Amino acid sequence: MKYILVTGGVISGIGKGVIASSVGTILKSCGLYVTSIKIDPYINIDAGTFSPYEHGEVFVLDDGGEVDLDLGNYERFLDIRLTKDNNLTTGKIIPAYAIQEWVMRQALIPVDEDGLEPQVCVIELGGTVGDIESMPFIEAFRQFQFKVKRENFCNIHVSLVPQPSSTGEQNTKPTQNSVRELRGLGLSPDLVVCRCSNPLDTSVKEKISMFCHVEPEQVICVHDVSSIYRVPLWLEEQGVVDYFLRRLDLPIERQSRKMLMKWKEMADRYDRLLETCSIALVGKYTKFSDSTLQEEPVRYHEAWQKLCSAHGVLIPGGFGVRGTEGKIQAIAWARKQKKPFLGVCLGMQLAVVEFSRNVLGWQDANSTEFDPKTSHPVVIDMPEHNPGQMGGTMRLGKRRTLFQTKNSVMRKLYGDTDYLEERHRHRFEVDLVLKKCLEEQGLKFVGQDVEGERMEIVELEDHPFFVGVQYHPEFLSRPIKPSPPYFGLLLASVGRLPPYLQKGCWLSPRDTYSDRSGSSSPDSEITEL
């Protein structure tokens with residue numbers, strides 16, 4: 001087993017997750033089996049109760065683990081399935097020896113569909129070198145490098161090379177100081193990855209090489225690019241794979257790498273886009289307060305103008321009553337104007353609330369999450385949910401959904417299968433008792449859980465694309481294999497959904513796209529449309 005540790009310096013949020021994912025991607029494109037581990041030094045056991053304002057949105061795994069978004073990067077870039085044990089926190093273990101044992105044990109767990117043991121484990125240590133909460137992990141890996149031997153351990157240090165506008169010169173001092181601190185703690189970086197706004201000058205590279213005790217070829221420039229999907233290609237161009245081949249003695253296949261070719265095609269297409277599709281994301285977790293007509297009429301009308309000029313509408317998930325009435329108004333507009341609409345989790349629940357109010361005439365219809373005393377509770381607590389307890393009470397992880405009819409847009413988008421498996425994260429659900437009333441007016445529940453107790457997918461009749469899903473399809477979406485609900489929303493928004501459905505939707509976004517499989521990229525299919 002080969003271990004690649006990714007650390008960061010100078011500032012947090014510098015891009016360690018993208019670098020770790022990109023390193024794994026180029027190694028997997030060489031025929032290696034790669035797994036990933038994310039270490040978060042915070043004391044929480046998981047990310048389940050973190051505020052989206054402070055730590056970003058939560059990512060959910062197949063086993064229901066609520067983890068850092070970086071694990072979503074790993075899964076999407078590498079097309080693998082991780083578990084909650086791939087996310088290590090201070091709240092889970094403390095002693096240095098326990099950290100090492102955890103890493104060595106988890107690194108051997110298969111993450112590819114073929115079930116083979118990984119050959120390389122990419123480990124990202126969250127935070128910044130020098131943070132007091134990171135010290136136990138730094139010490140653990142200082143010991144770990146000797147335990148697994150030098151030929152099996154490599155350290156990538158991601159640092160910042162700022163370019164002040166006042167001088168226009170690239171400043172290497174922050175990187176020098178960061179590497180010096182890391183070396184003082186017992187870890188010497190093999191690669192210094194420099195984040196910068198513009199490509200590094202040769203003289204700057206040489207200076208970093210001299211004062212950070214690495215060869216010039218070990219100084220890697222990752223400047224701002226048009227898309228994060230360019231990062232693996234940029235690392236490959238700078239010889240990172242060849243360096244790993246020598247440094248870790250990796251059994252790399254010298255063959256045509258289809259996976260990386262597809263990445264390049266995707267990145268090139270992103271840069272050549274000629275048409276724009278605007279999707280209005282009606283969310284609530286922003287830095288701005290909710291705008292109302294009475295308080296901020298200008299911003300209120302600007303928001304409606306953006307919504308009305310969009311090609312499609314997306315209502316994402318969330319918790320709490322704030323912003324829900326505005327979401328309901330946006331849903332009503334999309335339904336009446338026949339604008340393509342996708343509601344995810346809370347978005348689906350609010351679509352049912354809006355339909356109950358404006359079509360069935362239940363004016364006070366609501367979710368018991370927002371109005372426990374409503375006379376028409378169309379969205380209710382799940383039986384296993386304890387309202388007095390917030391942590392660990394949600395329906396989490398991968399669940400199976402059975403299609404109830406063959407005449408369904410979503411069924412066709414999923415490849416005309418009898419069922420699908422997607423990841424969930426919710427405490428409330430649409431009341432099964434109201435199913436008949438809603439379906440009689442055209443709101444069809446085309447997908448239910450295996451027991452037939454939970455409404456999973458809803459579609460509106462006589463509408464170009466009005467879909468709500470209780471699960472979170474974004475958790476299983478991949479760069480080259482788009483999630484069917486989101487793909488359908490985009491196709492409907494640009495008027496391409498009918499011809500795509502007429503062709504039979506033979507493209508399955510769940511096919512593997514590794515070198516071991518045939519070409520399953522949707523590139524040619526999308527191009528024909």
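The protein chain exposes about 23100 Å², an area from the Shrake-Rupley method with a 1.4 Å probe. Carbon and sulfur atoms supply 52% of that area. The model is predicted: local features need pLDDT of at least 70, side-chain atom pairs count only at pLDDT 80 or more, and totals for chains, interfaces and linings use all residues. Residues are numbered from 1 along each chain as its sequence is written, and side-chain values use heavy atoms, with hydrogens and water left out.

Of the 529 residues, 54% are buried (under 20% relative accessible area, 1.4 Å probe, protein chains only). The chain has 18 helices and 20 strands, taken as DSSP runs (H or I, at least four residues; E, at least two) and numbered from the N terminus.

Now look at helix α12, residues 324-337. Its 14 residues reach 20 Å from first C-alpha to last. Buried residues here include Ile 328, Ile 331 and Trp 333. The buried residues of α12 pack against α11, β11, β12, α13, β19 and β20 (contact means heavy atoms within 4.5 Å). Lys 338 follows the helix, with a positive phi near 60 degrees.

Helix α13 returns at the largest cavity, where α13 and β16 (419-426) each give two or more residues to the lining. About 60 Å³ of space lies inside. A cavity is a set of points on a 1 Å grid over the protein atoms alone where a 1.4 Å probe fits but cannot get out; lining residues have an atom within 4 Å of a point. Among the lining residues are Phe 319, Gln 349, Glu 369 and His 426.

Note on methods: The expected span of a helix is 1.5 Å times one less than its number of residues. Buried means under 20% relative accessible area, exposed over 50%, partly exposed in between (1.4 Å probe, protein chains only). On a 1 Å grid over the protein atoms alone, a cavity is a set of points where a 1.4 Å probe fits but cannot get out, and a pocket is an open set with protein on both sides within 12 Å along at least five of seven lines; lining residues have an atom within 4 Å of a point. Grid points are joined across faces, edges and corners, and a volume is the space filled by probe spheres set on the points.
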